[in-house]
Amino acid sequence: MTHTAPVPANPAPALSADARRVVAWSTAGFTLMFAVWLMFAILGLPIRKELGLSDAQFALLTAIPVLTGSLLRLPAGIWADRYGGKKVFIANTLLTAAFSLALAFVKTDGAGSYNLLLVLALGVGLAGVSFAVGNAWIAQWVPAARQGLALGTFGAGNAGASITKLLAPALIGVVPLGLLIPGGWQFVPFVFSLTLLVCAALTAALTPADVATPGTRTLADWLRPLAQAQVWRFGLYYVVFFGAYVALSLFLPKYYVDHYGVPLAEAGLLTALFIFPASLLRPVGGYLSDRFGPRSVTVVAFAMMLLGLLFLTRELPLVPFMLLTTVVGLGMGVGKASTYTLVAQWHPGQMGTVGGLVGLLGGLGGFFLPLIFAALKPTLGAQAAFIVLLALTGLTTAVFIGSMMRLRALGRQPNFA
């Protein structure tokens, strides 16, 4: 049974120095982890050329890390709630570094190369788990009335995807093949693995120790919120705002190269123009959600996405296409923050569990949507991705508005789902 979320009556308390360090270092770590999580969107293009991959094989390779990073978000969030966000965040970073380093030394000259890449991509996908862990860690230190902005700031780490899009094409050509350190596309995961190790060390040294929590809650207590339909609706919203964001981050570089014939470096730059607003507006979305209520902010986010996607279903010149993807990104950035503000307000103290499930569902959207794009391209044409996203966004908007109307009819707070 759902409950009515309280509206804060008192001014939000200031963050402690420890809370600020947790927000700062979790955001830095998540930014780097997100860059690693989606690096196959760029690395997959030279790999496709080396191995002669089909569109379906390429889509699977780029999407497979999203599967790991999605399915493990719920248990990782529970572990962070139970054992402490700092411990789990650092462990997550070290495991991701190990798989990234292994990827840097993989050989792609044998018959089993593609299957080995898929296995290592699953391991690299652990980077995506950091989102659920970081949310739980921040919720342990930041007062509820300030969590919209804090979680939005943390979520802006999605901009890490632009690190890959901007730097990876250049890094691929920095180190020639045949040296002691990996060259070509393998230099990218090599650099990322070393950077992750440094990040883990700094996070361990510069953030406060986890606060011990009572161990009286059973697994059933942790999982009880998952029986609420409302929690699954939050997950559906996040499929649109985050899952579609991940899917487009993976899809757009290849689309720019194949459809507009631009070089890989330019394709990365154009994709970054979508990623930046979809990520950097997340703190703004969190602030607006704290100020005006997350439900009204979410309505605006849906409207922006529908507007942009409606025109993207048509063939467009490069510049209008790029501008419209930016509009869609703006809606995604605001909507990601407002959705997690809803989670924080309705389920205080359960961000690891509820936020983990919401992140799991959103991440699964990021895994399945690129595969759906590839499967429907022969039927719907080059704009299949945008047709699918328009239909999904329209359906989800209808669910959201229907929920709002039901709550108003029941006399509950109209600003909350």
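1. Start with helices α2 (residues 40-51) and α3 (residues 55-71): their axes come within 9 Å and cross at roughly 145°. Axes here are lines fitted to C-alpha atoms, for helices over the stretch in contact, with angles running from 0 to 180 degrees between N-to-C directions. Helices are DSSP runs (H or I, at least four residues), numbered from the N terminus. On the α2 side the contact (heavy atoms within 4.5 Å) involves residues including Phe40, Leu45 and Arg48, and on the α3 side Asp55 and Phe58 are among them.

2. A word on the source: this is a predicted model, where local features need pLDDT of at least 70 and side-chain atom pairs count only at pLDDT 80 or more, while totals for chains, interfaces and linings use all residues. Residues are numbered from 1 along each chain as its sequence is written, and side-chain values use heavy atoms, with hydrogens and water left out.

3. Now the salt bridges (a side-chain nitrogen of Lys or Arg within 4 Å of a carboxyl oxygen of Asp or Glu): the structure has five. Arg48 and Asp55 turn up again here, in a network with Lys254 and Asp258. Within it, Asp258 and Lys254 pair at 3.0 Å, N to O, and both sit in helix α12 (residues 229-260), four residues apart.

4. Lys87 and Asp210 also form a salt bridge, at 3.4 Å. This pair links distant parts of the chain, 123 residues apart. Lys87 is exposed at 52% relative accessible area, whereas Asp210 is buried at 16% (buried is under 20%, exposed over 50%, partly exposed in between, with a 1.4 Å probe and protein chains only).

Key:
Helix = DSSP H or I, 4+ residues; strand = E, 2+ residues; numbered from the N terminus.
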